[in-house]
Amino acid sequence: MLTPTEKIWHNGRFIPWEQATIHVLSHVVSYGSSIFEGIRCYATPSGPAVFRLREHIRRMLDSAKIYRMENLGYSGDELAEAMLELVRVNRMDSCYIRPIIIRGYGEMGVNPLKNPIDVYIACWNWGKYLGDEALSEGVDVCISSWNRIAPNTLPALAKAGANYMNSQLMKMEALANGYSEGIALDTSGYVSEGSGENIFVVRDGRIHTPPLGNSVLPGITRDSILTLARELDIPLVETIVPREMLYIADEVFFSGTAAEITPIRSIDRIPVGKGRRGPIAERLQKEFFAIVNGTRPDRFRWLTAVPVAQPAGVK
Ligand code: PPE
């Protein structure tokens, strides 16, 4: 269960966690008009640090632009500042940060343009997304009977709340059948992504991952894996992945802010490779966690330190 933290940021002010509520007739409730982000803040020897803050904010502003939310009222820098400040006021060492932008209360009807836009940022402690042993043991997943959102229906590059109705169908079906996650194919039948993760498939030492055109979210962790693989001299291609490639792969793993790098040990009850975490996933995990935990230099400048004290000049 969610353990509350003290404060939530709302339109420029910190409010008590319990007061971050909305009216049931807010536009978002009937029409799904929300966009959001998920960002992790890690504990490092020099204090809490947020992973790829700028990139997450950029994606959030991109999502807002796609949905014609032009008047947020806050710049990317102001939102970044608010997130760092939120972690600080809640005295978190590590946490998950969830900015949410919604179309609020005012008019009813599909047209959202007259409704106010509300910006919230919350944070809380979020443990291992797919279970405590997922990172070391791997997870058992299935191919979903649901396809990922089709091109030119809901934009997959936007991280919009509405996309997660599709994710929920995938997730509930997977759980009902005893799996911990589902992998969706796109509407052409090619591998797309998990309900909340991008996917990577290894065969003969080479990593394959679906390109952005296969209805995937442009994951920040995905992008980090592209960078790490290049750096570690592991061949990686962004290419269309047929379903059956999953069954004959040496390794398959998920990436995501919440899921981090999670190995997959079986798909539709067929063991992946040796049926446990493979060497490439393990190597990427080691590298990834060394950077985010601050035990290896932050050579890609992925971390933003959370200031320990209120900086001078901030109200
Ligand atoms: N695909 C989807 C559909 C997705 O939701 C996520 C993140 C990713 C890929 C990976 O993106 P990134 O986090 O930038 O590497 N899913 C977020 C929400 C999970 C949730 O259950 O809520 C997350 O991991 O924070």
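Guide: Gladly! In this predicted model, the aromatic pairs come to 11. Take Phe36 and Tyr164 to begin with: their ring centres are 5.0 Å apart and their planes meet at 55 degrees, so this pair is tilted. Phe36 belongs to strand β3 (residues 34–36) and Tyr164 to helix α5 (residues 163–176), so the pair ties together parts that are 128 residues apart in sequence. Phe36 and Tyr164 are both buried.

Now turn to Phe288 and Phe289. Here the ring centres lie 5.2 Å apart with the planes at 80 degrees, so the pair is edge-to-face. Buried means under 20% relative accessible area; Phe288 is buried at 2%, and Phe289 counts as buried too, at 16%. These two rings belong to a cluster, linked by ring pairs, that also takes in Phe51, Phe300 and Trp302.

Tyr164 leads us on to the largest pocket, where Tyr164 is among the residues nearest the centre, along with Tyr129, Lys159, Ser195 and Gly196. The pocket has a volume of about 520 Å³, and 30 residues line it. Helix α5 gives the most to this lining, with 5 residues. Other elements that give two or more residues include α2 (53–66), β6 (95–103) and β10 (191–194). By type, the lining divides into 9 nonpolar, 13 polar and 8 charged residues.

Notes: Residues are numbered from 1 along each chain as its sequence is written. This is a predicted model: local features need pLDDT of at least 70, side-chain atom pairs count only at pLDDT 80 or more; totals for chains, interfaces and linings use all residues. Side-chain values use heavy atoms; hydrogens and water are left out. Rings of Phe, Tyr and Trp (its six-membered ring) pair if their centres lie within 6.5 Å; planes under 30 degrees apart count as stacked, over 60 as edge-to-face and the rest as tilted. Helices (H or I, at least four residues) and strands (E, at least two) are DSSP runs, numbered from the N terminus. Buried means under 20% relative accessible area, exposed over 50%, partly exposed in between (1.4 Å probe, protein chains only). On a 1 Å grid over the protein atoms alone, a cavity is a set of points where a 1.4 Å probe fits but cannot get out, and a pocket is an open set with protein on both sides within 12 Å along at least five of seven lines; lining residues have an atom within 4 Å of a point. Grid points are joined across faces, edges and corners, and a volume is the space filled by probe spheres set on the points. Ala, Val, Leu, Ile, Met, Phe, Trp, Tyr, Cys and Pro count as nonpolar, Asp, Glu, Lys and Arg as charged, and the others, Gly among them, as polar.
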